[in-house]
Amino acid sequence: MAAHQEKKPSEERKHKSTQNDTRTSQVQWGRAWEVDWFSLASILFLLMFAPLIVYYFIMSCDQYQCSLIDPLVDLLTGNKHLSDIWNKTPTLTYRAAGIYTLWVSFQVVLYVFIPDFCHKFLPGYVGGVQEGAVTPAGVVNKYEINGLQAWIITHALWFANAYYFHWFSPTIIFDNWIPLLWCANVLGYAVSTFAMIKSYFFPTNAKDCKFTGNFFYDYMMGIEFNPRIGKWFDFKLFFNGRPGIVAWTLINLSYAAKQQELYGQVTNSMILVNVLQGIYVLDFFWNEAWYLKTIDICHDHFGWYLGWGDCVWLPYLYTLQGLYLVYHPVQLCTANATGILMLGLIGYYIFRMTNHQKDLFRRTNGNCKIWGKKPEYIECSYMSVDGTKYYSKLMTSGFWGWARHFNYTGDLMGSLAYCLTCGFEHILPYFYIVYMTILLTHRCIRDEHRCFSKYGKDWKRYTAAVPYRLIPGIF
Ligand code: NDP
């Protein structure tokens, strides 16, 4: 359990009256209520430029062999006009619209209509109906965890098609990549706009809605906390995991198939990208129940950031290494390939173990062993909107004693490994590590701000005990 509720009503009441006067900020943990100018400027920048950034990267591969500089040089020297580039860009096609509609509909069917059976025969796997964390309004949502099953069924069909049925070419994703981009954008904008309208007119839980009064901020960061349709269709769980993350490994497989088609072989760098990112994706689905307790699900509201980001940003920019390797097949020497594999696996180990340690600690309420010893921790408390007091613990043992976000450090090591598979000829494949560094550093700061407003002085005691964020002794 992430936190346990104080049961004694008399004490709760006593606490309510004092808290209202002294620690108002603690009642407001969760997404920001007030928008500062920097957040607003960043949001406007992202709303305007994020779709262009995605287009620029994909177009650079399609028209400029993945060079990010050449399109700029062409435009600045007048060698080409924007219209020349735009006119060469593939448009939306009926075929892509059909593929995308079928794809998303199939994932909806897998999510909503096929209850999980994997937990019945896979030892250690947690699936089926699971509870999320306590929301700021004190609600505990139930989720049908069946992402692993969706991933397995989708990939089994993919391989059955590639090796047996031959209904479509395994290069289908690569071959329709830009037309599919327009479809993904349509869905991303549609779902974010729908979520915004829904939050005004028929929110799933009105008490968990946050209105800042700033239209752009609300559109970007979301108003509703856990928008749902019906009892089980949860927007955050669906869009976070599928179609984006299920698609991730399929997209990489399609890139590998394209390499095979173009060059008659699949390079070891492409295999490394498929294997390392495949481990990350499988890890995500194996731990989907744990994911309910991560920031995306239990702190972020559902807006354009998650809706559009999951539909467009994630599948298009997280897969740039594989796309790059289609245009520039890199065959690594054994030493480099081994070094990159080791970096990726060690990064993954740190990422997984750090997350596992926190999960174990929280699930057992501290009654567990971390590195063979009883974990040390700091007791803390916080209040939900209705004034109910909750207790929680912040662990200071294991990787959580080394740094406050060592899981992010492992994630960054893995991210660097994916990029290194592409060699050093172009900067495009390194976008991922730059982006992840910015994302996770920003996330550290955002999370710590939220934890401080949630736990107050208890959080200060924790940061004094574990002074570094990502790299012990440095940051
Ligand atoms: P964390 O799993 O680090 O969760 C942070 C929360 O954990 C805090 O808000 C707090 O929540 C609790 N917490 C913090 N410190 C402690 C402690 N010492 N002991 C116990 N609980 C603590 O963050 P995320 O949800 O952001 O990340 C989960 C994973 O997902 C990470 O490994 C990250 O690398 C990965 N990730 C990957 C992304 C990608 O795009 N590839 C994007 C984002 C994340 P509480 O309020 O419960 O106390």
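Residues are numbered from 1 along each chain as its sequence is written. Because the model is predicted, local features need pLDDT of at least 70 and side-chain atom pairs count only at pLDDT 80 or more, while totals for chains, interfaces and linings use all residues; side-chain values use heavy atoms, with hydrogens and water left out.

The ligand is surrounded by 26 residues, of which the closest are Y408, D411, D447, K454 and Y455; a residue is near a molecule if one of its heavy atoms lies within 4 Å of it. By class, this shell is made up of 14 nonpolar, four polar and eight charged residues. Here Ala, Val, Leu, Ile, Met, Phe, Trp, Tyr, Cys and Pro count as nonpolar, Asp, Glu, Lys and Arg as charged, and the others, Gly among them, as polar.

Several polar atoms of the protein face the ligand. An oxygen atom of the ligand has a polar side-chain atom of N355 at 2.9 Å. A polar backbone atom of M395 is 2.9 Å from a nitrogen atom of the ligand. For Y408, a polar side-chain atom lies 2.6 Å from an oxygen atom of the ligand. Taken alone, the ligand exposes 930 Å², and the protein buries 94% of that; accessible areas come from the Shrake-Rupley method with a 1.4 Å probe, and for residues only the protein chains shown count as cover.

Which elements give two or more residues to the shell around the ligand? They are helix 19 (334–363), strand 7 (389–395), helix 21 (406–420) and helix 22 (431–455). Helices (H or I, at least four residues) and strands (E, at least two) are DSSP runs, numbered from the N terminus. Helix 22 contributes the most to the shell, with eight residues. The ligand lies between domain 2 (90–331) and domain 3 (334–474), because both give residues to the shell around it; the domain bounds come from an automatic or database domain assignment.

The aromatic rings come next. Rings of Phe, Tyr and Trp (its six-membered ring) pair if their centres lie within 6.5 Å, and planes under 30 degrees apart count as stacked, over 60 as edge-to-face and the rest as tilted. By this rule there are 55 aromatic pairs. One of them is the edge-to-face pair of W248 and Y318, with 5.3 Å centre to centre and 65° between the planes. This pair links distant parts of the chain, 70 residues apart: W248 belongs to helix 13 (residues 244–263), and Y318 to the loop between helix 17 (304–317) and helix 18 (320–327). Y318 also forms an edge-to-face pair with Y432, at 5.0 Å centre to centre and 75° between the planes.

Are W248 and Y318 buried or exposed? Both are buried, where buried means under 20% relative accessible area, exposed over 50% and partly exposed in between (1.4 Å probe, protein chains only). Y318 counts as buried because its relative accessibility is 11%, and Y432 is buried with a relative accessible area of 1%.

Another buried residue is T135, with a relative accessible area of 2%. T135 sits in the loop between strand 2 (128–134) and strand 3 (140–145). The side chains of T135 and D208 are joined by a polar contact of 2.5 Å. A polar contact is a pair of N or O atoms within 3.5 Å; within protein, one must be able to donate a hydrogen and the other to accept it, and residues adjacent in sequence count only if both atoms are side-chain atoms.

Most residues other than glycine have a negative phi, and most peptide bonds are trans. Just after helix 8 (residues 147–165), H166 takes a positive phi of about 55°. N365 has a positive phi near 55°, and W371 one of about 50°. N365 is partly exposed, with a relative accessible area of 33%, and W371 is partly exposed at 46%. Finally, R242 and P243 are joined by a cis peptide bond, with omega about 10°; P243 lies in the loop between helix 12 (235–241) and helix 13.
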